[in-house]
Amino acid sequence: MDRFICIHGHFYQPPRESPWLEAIAIQDSAFPHHDWNERITAECYAANAASRIFDVQGRIAQLVNNYARISFDFGPTVLLWMENYATETYRAILEADSQSMKMFSGHGNALAQAYNHMILPLANSRDKKTQIIWGIRDFEYRFNRKPEGLWLPETAVDLESLDIMAQHDIDFAILAPSQAWRIRPVGGGEWRDVSGGRIDPGLVYRLSLPSGRSMNLFFYDGPASRALAFERLLDNGEAFANRLLSTFPDDRSSPRLVHIATDGETYGHHHRGGDRSLAHALQYLESNRLAQLTNYGCYLEGHPPTHEVAIHENSSWSCVHGLDRWRSDCGCNSGGHPGWNQAWRAPLRAALDWLRDAVNSAFEQSAQRLLTDPWAARDDYIDIIVNRSTDRINAFLIRHATHPLTTGDEVTVLKLMELQRNAMLMYTSCGWFFDDLSGIETVQVIQYAGRVLQLADELFNEAFEPGFLGQLERASSNVSEHGNGRSIYEKFVRPSMLDMKDIGAHYALSSLFQDTGERSSIYAYSATREDYRDFQVGGSRLVIGRATVTCEVTRASSSLCFGVLHLGDHSIACGTGEYQGAQKYEALTKEISAAFAGADFPRTILLLGKYFGASTYSLTSLFADERRKVLNIIMAPTEREAEAAYSSIYEHHAPLIRFLTGSGTPRPKVLSVAADFCLNAKLRRVLQRDGLDPESVRPLLEEVRLAGATLDAAALGLLLAVKIESLAEQVLEQPEDLTRMERLDKAAQLVRTLPFEVDLWRTQNIFYKILHTHYLSFGERARLGDQDAQTWLRHCRVLLDSFLLQEPASP
């Protein structure tokens, strides 16, 4: 077949982790998910790993891993998050690349990506090199092979970046058609201008580099890619496939490649159900033998370049002005805020450039005392970023140290490396992409700068913050209340900066509400308990203790003492300070506990201030997720009290509420609130029971209808989805257990009776696995008269209907 199709997805999200905690705080805007990484994973990344192929009845006939049949690249920072928080999807992505190597003559679908989506042409030479090396090494660690291609962030390109890629054995890159300048046949001939996107995307091109090296370039089909991203082509998979087929010329005298490239999030996040349309399009093309699916490496091996190309340097796919979207007020923006300007982009970049150059000088001076080649060590530090095991850290230190290092030297080296990591993370492209300096993506890159400043302050005898803020205040926000970059830094960055005392305070406050044990993890830190004394007077509590807090990233540690006073509810006062020996520790313990024992709480608070000075904290000092947990514990009695009050009102006035609802008479707000609160609580309790029985829920739903109550559909649906997933997992673990199968059957029947939606996506995946692992064997046993197997099959066939799954075909 001489017609080849390659669909490329560029999967990327900006890093959202706190530079201090190395974790993402809860983001309520992503509900019902914890954060936007988790939400986009559910809508897109996971969806494409188990996409649906439907039969004519609308049942799921097949689950397919789209990544096995498309070309793709994933942001290394996304994969790092996914490895820890979405492991099933992460493994599916790696497995898809392995499958694709078998399908495409040893060429995998996955491409590498420059590490943290820095706009490489705007970077200095050293940062370009490290970004490319980190992207390649991260890829090798995860995919267990060398990458053939590398995705340039925003396809922003210059010859130097391509040459560095060629030096590191990258064979090809993908660019937008508008980035091509002119072409000619390999070996010479007249150059022909193809500017304005007029290049033929059906060929591979060779770019000769000034160094004598070369890079193969693919220029994706612009019109087809735009139609996919912006013209609702993903509404129908067959239409999507036919749009790609229409791009082939009628002349079949030579092989042709049709290929498109878009943000991978197009397939499910930007376009709901886009993963299913993609799966259907791929199946339609393959099953009807309309074209041969391929990937770039495979196609390049069989069809080497016949033409040379010259490119427009300093160009990209998302800014018609070249690279100005990341350095000036070029007019490119989201379009959501007419009248706003992006004049802040230039001074933001200037401030970060100033900081980078300022700290690099101090970095070199400090690092050369400990490291044979500080910049080679930085390039190699990716080995630690991908896996911070003790063995890997020790091997890195031995490999690069000028001499055997003391513990303090090791901490210094790791802090130097972290300074450099954050100095690159602060150039993540999304910091300039959107509309205002106060946007979350821009604040995130300024937070990375804040971490650089903090580490520089710890490492060097020089204050960089005043100079940086002097630069940053030249950037003005469109939002008047935010002022300029300096005020944004003071408002959003400085409060986020953490030191060891802050971590110690979190540990101390948390210990009031959970058993922290001898050693506990606090995101990127650990705390080891040295002493813990608990005092109680009535409903009030005082805790005094000592702990050693260690940063697992830099190995820095601090011995701290703390005192926490809890007067009930949210009234908490906490102090932390450096441990200054047993004598002082016993003195503060004696004086504070004596005041507390006498119920002199004002004096207890004063003494916390005396011994811990300005390092005092309250409940708001807890990190967001832990604060939410603690507040839920604190509010539980209040909620029970409120529920009892509302239930009393509802039960007493239920006949009246039903009459008002039935007669169409508006109900007083207090009665509506009571009915909603009480009936949602009742339903929640029933759904939390071990057995999900439709018969126990049906009367409640009827009561809800008669009372005209409004159900909290999102919360109840989420609760039930998790419950049913757990039941399906139990069946998968022990498929022979008929009791488990019956429970899952009842739960599925319940879902069909509910007046709200329940997301069964993961349950369908689990049951699909059960079917294709056990259905045929149980069927054979049933035919031989096994009554348990017959019962299992009866439940299974009901569940097929409930979960909209097609019955597996007999072999």
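A cavity here is a set of points, on a 1 Å grid over the protein atoms alone, where a 1.4 Å probe fits but cannot get out, and lining residues have an atom within 4 Å of a point. This is a predicted model, where local features need pLDDT of at least 70, side-chain atom pairs count only at pLDDT 80 or more, and totals for chains, interfaces and linings use all residues. Residues are numbered from 1 along each chain as its sequence is written, and side-chain values use heavy atoms, with hydrogens and water left out.

By that rule you'll find five cavities of 30 Å³ or more.

Helix H2 (76–85), strand E5 (110–113) and helix H4 (125–143) each supply at least two of the lining residues, with H4 giving the largest share, four residues. Helices (H or I, at least four residues) and strands (E, at least two) are DSSP runs, numbered from the N terminus.

Now move along to helix H14 (residues 407–425), where Asn422 lies. Asn422 counts as buried because its relative accessibility is 0%, and buried means under 20% relative accessible area (1.4 Å probe, protein chains only). Leaving out residues up to four places away in sequence, Asn422 touches Pro19, Tyr448, Arg451, Val452 and Leu455, where contact means heavy atoms within 4.5 Å.

Note on methods: 1 Å grid on protein atoms, 1.4 Å probe; cavity = no way out; pocket = protein on both sides within 12 Å on 5 of 7 lines; lining within 4 Å. Points joined across faces, edges and corners; volume = space filled by probe spheres on them. Buried < 20%, exposed > 50% of the residue type's maximum accessible area, 1.4 Å probe, protein only.
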